[in-house]
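Trainee: Could you show me how to read pockets and nonpolar cores in a model like this one?

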Amino acid sequence: MEAFPAFFPLSGRRVVIAGEGEGADAKARLLASSPAAVARISGEAARTSDAYAGAILAFVAHTDVGFCTAAATAAGAAGVPVNVVDHPELSDFHTPAIIDRGQVVAAIGTAGAAPILAALLRAELEAKIPAGLGRLAGLFGALRTETRAAFPDLAQRRAFLRAQLAGPVAEAADAGDLAQAERLMRAALAGGAAQVGQVWLIAAPAARDLLSLRAARALAEADVLVLDEGVDPDLAVLARRDAPRRWLAEIDAAFLAGEAAQARQTAVLAPAPRLVPLAAALEGLVAPYRRLDPAPDA
């Protein structure tokens with residue numbers, strides 16, 4: 001990872017856009033729906049550090065390289081991270097291609113090397129991210145305290161929220177009926193229904209691009225990742241980085257059943273022959289499991 005992605009809270013913060021032209025206008029449009037106080041400056045004012053005082057971010061756009069250099073220097077003197085359009089050598093950070101769903105924001109970057117590639121990837125993902133996802137995230141945030149109280153255990157809380165993502169709460173939010181979505185989620189919280197974990201037995205393919213989409217999603221959602229020695233490390237990067245890792249040789253079916261009983265999702269990644277005895281052992285336990293093999297074209 002050549003560049004580290006980070007999100008800056010904008011509520012009540014000041015952002016400065018220095019310069020003129022389409023580049024500066026594009027940055028203004030980008031921030032138009034944000035809660036930030038956006039200040040636009042140009043001319044000699046942009047060359048003084050006082051103009052950037054108190055800002056969290058600064059953007060510079062101009063056809064004159066001399067202006068861009070002076071403005072970037074002034075922002076730096078004020079201790080403000082700056083992005084200079086079309087001049088990565090003058091920038092402290094790069095502006096990613098952004099998918100904006102309100103509370104949900106996805107950013108795609110190429111460390112400034114190929115912005116057009118980031119834009120193309122954004123276009124691909126735009127159609128796959130529901131418009132109502134931001135509304136659902138806002139609802140989750142509004143009911144965070146109630147959710148924590150109903151499900152103090154993190155694994156059970158995750159399981160509950162996963163269920164809401166695929167049920168009537170999400171459908172109501174996607175339709176724009178937030179009142180109904182909130183009623184449904186409050187009813188689910190009041191019910192306090194026990195969440196059931198699951199075990200995913202994933203046959204490790206020879207290469208990551210042979211992994212099925214369902215298997216990739218199971219890895220991404222897993223609360224615990226179990227790996228067999230010799231599995232390609234490139235496969236494990238698809239799992240959450242904060243998910244605990246275990247070696248297959250160190251666990252047994254009882255361990256997996258115990259994780260499921262705690263509402264945890266466990267993904268076991270191993271060569272297919274190594275999964276056969278584990279699947280047989282799980283048959284006699286109260287632990288739902290699913291077997292996922294490589295994609296059909298593997």
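Trainee: Which residues lie nearest the centre of the largest pocket?

Mentor: A pocket is an open set of points on a 1 Å grid over the protein atoms alone, where a 1.4 Å probe fits, with protein on both sides within 12 Å along at least five of seven lines; lining residues have an atom within 4 Å of a point. Here 48 residues line the largest pocket, and His-94, Thr-95, Pro-96, Ala-97 and Ile-98 lie nearest its centre. Elements giving two or more residues to this lining include helix 1 (22–31), strand 5 (97–101) and helix 3 (115–126). Helix 3 gives the most, five residues. Helices (H or I, at least four residues) and strands (E, at least two) are DSSP runs.

This is a predicted model: local features need pLDDT of at least 70, side-chain atom pairs count only at pLDDT 80 or more, and totals for chains, interfaces and linings use all residues. Residues are numbered from 1 along each chain as its sequence is written, and side-chain values use heavy atoms, without hydrogens and water.

Trainee: Which members of the largest nonpolar core touch the most others?

Mentor: A nonpolar core joins buried Ala, Val, Leu, Ile, Met, Phe, Trp, Tyr and Cys residues through side-chain atoms within 4.5 Å; buried means under 20% relative accessible area (1.4 Å probe, protein chains only). Of its 18 residues, Ile-41, Tyr-52, Ala-58, Val-60 and Val-82 touch the most other members. Helix 2 (65–77) is among the contributing elements, and its six residues are the largest share.

Trainee: What does Ile-41 touch?

Mentor: Counting heavy atoms within 4.5 Å as contact, and leaving out residues up to four places away in sequence, Ile-41 touches Val-16, Ile-17, Ala-18, Gly-19, Ala-46, Ala-51 and Tyr-52.

Key
Buried < 20%, exposed > 50% of the residue type's maximum accessible area, 1.4 Å probe, protein only.
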